[in-house]
Amino acid sequence: MTASAVSCLTLNRLSLYLRCLRALQERGTQRVSSMELAREFDLSAPQIRKDLAQFGEFGIRGVGYDVEQLVARLRGLLGLDRPHNLIVVGLGHLGSAVARHFASNHRAFRVVGLFDNAPEKIGQPLEGLRVRPVDELMEAVAETEAEIGVLAVPAPVAQEVYDRLVEAGIASILNFAPVQLRQSPGVRCRTVDLRIYLEELVYFLEAEGSPAGEASGTAS
């Protein structure tokens, strides 16, 4: 199966399965069925089997999956069996938190560059690296062989920095700036806009009625 034939939703579910399997692995579980996995983590057993079947045979009917082997197979499918170099541009509260998270919690992702244009941040240490100016993106990407860029800059400059990341050779970008970017062909970009998710939640609170609001109204 080609990469383009796999949907992002399927990949998201594979990541979720991997997280659940790691939790089982930490508890010493050696074998699990799709039904047991579904019950334990509020998943769908038919969906688990369907997703895994797209990539070959994983388990044995009536026996289940070997947890350690399935973890290894999923890590390989998702490309997590080798480290990927990433850089973070924009070191405000969010960018700094992202840099610290990936630097300390993910063996598959290695933070190799930190960038900001604020004079008070340039040269400052963070997670064993020194913050560099954005003007050094091109040479830094070449030096570090970075593959992924994390964009955590203010919305007004996000497009400019995105274009500079693309020009520097970054092919995958995770964007936290609350703006719709004009994207370049051949560059994968995923935007994480927390406001959109919050507004979705507020919509359903208003449409379905907030339990907290109802309780408050009753009390008054």
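Leaving aside its neighbours within four places in sequence, which residues is Ile87 in contact with? Select Ile87 and you will find Val112, Gly113, Phe115, Leu137, Val141, Ala146, Ile148, Gly149, Val150, Leu165 and Ile170 in contact with it (heavy atoms within 4.5 Å).

Before moving on: this is a predicted model, where local features need pLDDT of at least 70, side-chain atom pairs count only at pLDDT 80 or more, and totals for chains, interfaces and linings use all residues. Residues are numbered from 1 along each chain as its sequence is written, and side-chain values use heavy atoms, leaving out hydrogens and water.

Next, colour the largest nonpolar core, which has 22 residues. Such a core is a set of buried Ala, Val, Leu, Ile, Met, Phe, Trp, Tyr and Cys residues joined through side-chain atoms within 4.5 Å; buried means under 20% relative accessible area with a 1.4 Å probe, protein chains only. Ile87, Val89, Leu151, Leu165 and Ile173 have the most contacts inside it. Strand 3 (84-89), strand 4 (109-115), helix 6 (137-144) and helix 7 (155-168) each give two or more residues (DSSP runs numbered from the N terminus: helices H or I, at least four residues; strands E, at least two). Helix 7 provides the largest share, 5 residues. Apart from this core lies another, of 21 residues, including Leu21, Leu43, Leu70 and Leu74.

Now show helix 2 (residues 34-41) with helix 3 (residues 45-53): their axes are 8 Å apart, at an angle of about 125 degrees (axes are lines fitted to C-alpha atoms over the stretch in contact; angles run from 0 to 180 degrees between N-to-C directions). Here Ser34, Met35, Leu37 and Ala38 of helix 2 meet Ala45, Ile48 and Arg49 of helix 3.

Terms used. Buried means under 20% relative accessible area, exposed over 50%, partly exposed in between (1.4 Å probe, protein chains only).
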